[in-house]
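Subject: Structure handover

Hello,

Here is the structure we spoke about. Please open it beside this email and look up each residue as you read.

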Amino acid sequence: MPQTNNIPTLASLALQYGTIDNDQYRHLTALHASQKKDQPPMDYARLLLGQKFATRYQIGLLKLIQEYFIVKKRGEEFGKIAIDRGFATRLDVQKALEFQKKEFKRARIKKLIGDILVESRVITTKQKNNILKEQLLLEQRAEKIFTSKPENKPETIATQGGGQPLPWDDSELSTYEKKFLKIKVLDREFAARVTEKGLASKREVAIAQRVQEEEFEKENKLKILGDVMVTMGFITEEQKAIILKDQIRSGGPSDSKEKGSKEKGSKEPPGLEVVISPDKITAWVKINRHFLSQATVPRLKSILIAHGITNGIYPDALLQGQLDRGNLEFTVARSDVSPKLIMETNLREGGEKRKGDQLAKQETIPNPLIVKDIFGKDMRQECRETLVHKCGSGTRPSQDGAGIIAAKTGVPSLSIEGKVFIHPIIHVLEDADLRYGPLEAYANLSISGVLTGAYPITAGSIKAREIRGASIESIGTIRADVGITDTIIRSQGDIHARYLHNCQIETFGNIYIENEIFDSKITVSGKIDSPGCRIISSSLYAKRGVRLSGIGSERTKSCTVTSGGEHHILEIEKFIYREIERISKEIDSLKEKKEEQENLSKKIFQKMIELKIFHDRAKNKKQLLLTEFKKSKGQERLKLKNIVGLISNFEKRIERSIASLKEINKTKKLHDTKKIELENKIDRLLPETNTAIKALKEKLYLFFEWTRYQKNISKIEITGKAFPGTHFSGIYASLKIESSLENFSLSEICDSMNYKLEVLQNP
């Protein structure tokens, strides 16, 4: 820890950061020395301004830098006293200094190191106050610097010709800190000009500054005050631009190189942040809630391009869907660098495959594989994966892991996420009532009667006369000769039925309904091609177009029909993140319990420290009394009796403190043991949890890759009548009809950069 208490003056800082040169510095210090006899003496700020060596902006910046050094020096001095007094270790102080620096960098919060150490339970409030008393000399020094009073001692200044280094060179600011301080100076001027011009009140400025600090705390990102005030509606963009222009004319950063580099480096607007994975394969955006209304797909894409991201950007429809849902953080680009590890051999030939037949094998690919990242640059990828993770139900990997073998006899299929399945064929020549037990998982079910669900059903394909009250997850087609009622379906194939009543369906395939959809929600990545079907009290979302007979009635609630959007994939994303949250819940709960035990242990340890201090003081006091007792043997008996009584009293206190320490130490050990047990349990569960979460995320990325290459069709065709109140939507535009329409179609068109749904009468 530095022993010197030297804090640089404005003149020293001006020389170090290039505001003045050596000749100007010598002239300035000589002028300052000649003014020492004046009352009051002229400070460096006035001298710099009067000699036209610096602008007001530069002086404000130098004062902020000086303030940074004072805050740091105060913290170091406080920590040195805490260590000398035995209240804290060097590691405690170092951690507190790092936290103090981080807080200052983020929001210029001058959080005192004493408060940090108290909050982290390293020292007590009483100990902090004792240290602050000893720090009085440094406080006086800091006050002297702030008021720019002249120094009594000359400073050691580094010269361009190679002089002695400054005693505070080890505290030179980083690039981020310099940028941060520049913006804070501009923000001060900005706030003053806003109130001067009457564009906003002081209260509104204060509110905006609080919001700005909250953004620092939450996102660890610097947001310019002007942008905060525009977002909150206190001023307009035009008013902000006028004030910024005035700032540049009155001594802001007018250097053309600096300005150009700042504009070049400004890749994203305030309120939006682009995050790129370390392997440069994935990019996310984080959007501030206040900025969400201003976020558009073209703006997102321009920001990505400004970052150099040109490869793997997701389709406009998918990005628009994320914004429409109000998602504040989502993936915007991903390069599919995983090679095609499997090659279909005979999956599409139809018919059953026998147990032991080879279904797929790994392709022969160069290793390492040259692929492109999201910046379009070539990268090398080692290919050591096997096909184990591509084996679905009824299949197994070959012995070398380079192939997939049928583990049972059945019909093969390939799922959207690239898994190979074998589906045994099961014929049921009557009703299948699953209240008495489930059927075989992922089988192709052919049921002559009614399928009634109680147990969840996982199947390949399903064919039944009717389906009632089921919860189905299927890889293939679902077909009901009559209808489907009170059923939840998640499928990768097509759905065929005469009617749907009170159903919730999500599928990658198409929907073919002959007569009626009532009180249902259908979300598909294919098309809804049901020209003879009427929908009532239902919501339909399709990616590749909608064709219906009629919509709504006079007595039921209005319907929603959307075509062209990515609602299905986004519903899957929502479901997967709910699963991730569920999987993570146990680990999160254990971490909370561990933290609770850790905090209890720290509190007890703090009590032990206080008891130890009390014990030592009592012991010292007893020793002093013994010494006094020895000196007072020839004195009066009453005084000796009092001293003996005091010694006895201190002995009892010492014994009580030792007993308390032993009891408290037992409790602390108990908390430490529980903490270790929880840590071990977390360590056991963490690999399995992380593997499960990783698998879910990879599955989601595969779905995104699949939908990337499927065409979005924003077309809705109605051959019959649509009742008033029906809500139609495309990818970008929506329309609510106020009167009945018959035999018409809607297409989404772009008119002068604005999208709208155009209504056309069918011939």
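Below is what was found, starting with the whole chain and then going through single places.

The model is predicted. Its protein chain has 17 helices and 36 strands. Of the 763 residues in the chain, 44% count as buried. The protein chain exposes about 41,000 Å², and carbon and sulfur atoms supply 49% of that area. Among contacts between residues at least 6 apart in sequence, 49% join residues at least 24 apart.

Helix α14

Which residues of α14 are buried? They are Val 297, Leu 300, Ile 303 and Leu 304. These four lie on the same side of α14, because they cover an arc of only 130° around the axis. On the other side of α14, Pro 298 and Ile 305 are exposed. What do the buried residues of α14 pack against? Their partners are β1 (272-276), β2 (282-287), α15 and β3 (329-334). Just after α14 comes Gly 308, which has a positive phi of about 90°.

Aromatic rings

The count of aromatic pairs is 6. One of them is formed by Tyr 314 and Phe 704; this pair is edge-to-face, with 5.3 Å from centre to centre and 65° between the planes. The two residues come from distant parts of the chain, 390 residues apart: Tyr 314 is in the loop between α14 (297-306) and α15 (316-324), while Phe 704 is in helix α17 (residues 637-708). Are Tyr 314 and Phe 704 buried or exposed? Both Tyr 314 and Phe 704 are buried.

Ring pairs also link Phe 508, Phe 703 and Trp 706 into a cluster.

Two arginines are placed over rings. Arg 334 lies over the face of Tyr 701, 3.9 Å from the ring centre. Arg 490 has its charged end over the ring of Phe 575, at 4.5 Å from the centre of that ring.

Salt bridges

How many salt bridges are there? The count is 19.

Asp 227 and Lys 240 meet through their side chains in a salt bridge, at 2.6 Å from N to O. This pair links helix α11 (residues 225-231), which holds Asp 227, to helix α12 (residues 237-249), which holds Lys 240; the two residues are 13 apart. Asp 227 counts as buried because its relative accessibility is 12%. Lys 240 is buried too, with a relative accessible area of 11%.

Lys 463 and Asp 481 form another salt bridge, with their closest N and O atoms 3.8 Å apart. Lys 463 is in strand β16 (residues 457-464), and Asp 481 is in the loop between β19 (478-480) and β20 (483-485), 18 residues away. Lys 463 is partly exposed, at 39% relative accessibility, and Asp 481 is partly exposed as well, with a relative accessible area of 37%.

Glu 663 and Lys 666 are joined by a salt bridge of 4.0 Å, N to O. They are 3 residues apart in helix α17, so about one helical turn separates them. Glu 663 is partly exposed, with a relative accessible area of 48%, whereas Lys 666 is exposed, at 56%.

Finally, salt bridges that share partners join Arg 325, Lys 521 and Glu 571 into one network.

Regards

Technical notes:
Residues are numbered from 1 along each chain as its sequence is written. This is a predicted model: local features need pLDDT of at least 70, side-chain atom pairs count only at pLDDT 80 or more; totals for chains, interfaces and linings use all residues. Side-chain values use heavy atoms; hydrogens and water are left out. Rings of Phe, Tyr and Trp (its six-membered ring) pair if their centres lie within 6.5 Å; planes under 30 degrees apart count as stacked, over 60 as edge-to-face and the rest as tilted. Buried means under 20% relative accessible area, exposed over 50%, partly exposed in between (1.4 Å probe, protein chains only). A charge sits over a ring if NZ of Lys or CZ of Arg is within 6 Å of the ring centre and within 35 degrees of the ring normal. Contact means heavy atoms within 4.5 Å. Accessible areas come from the Shrake-Rupley method with a 1.4 Å probe; for residues, only the protein chains shown count as cover. The arc is that of the directions from the helix axis to the C-beta atoms.
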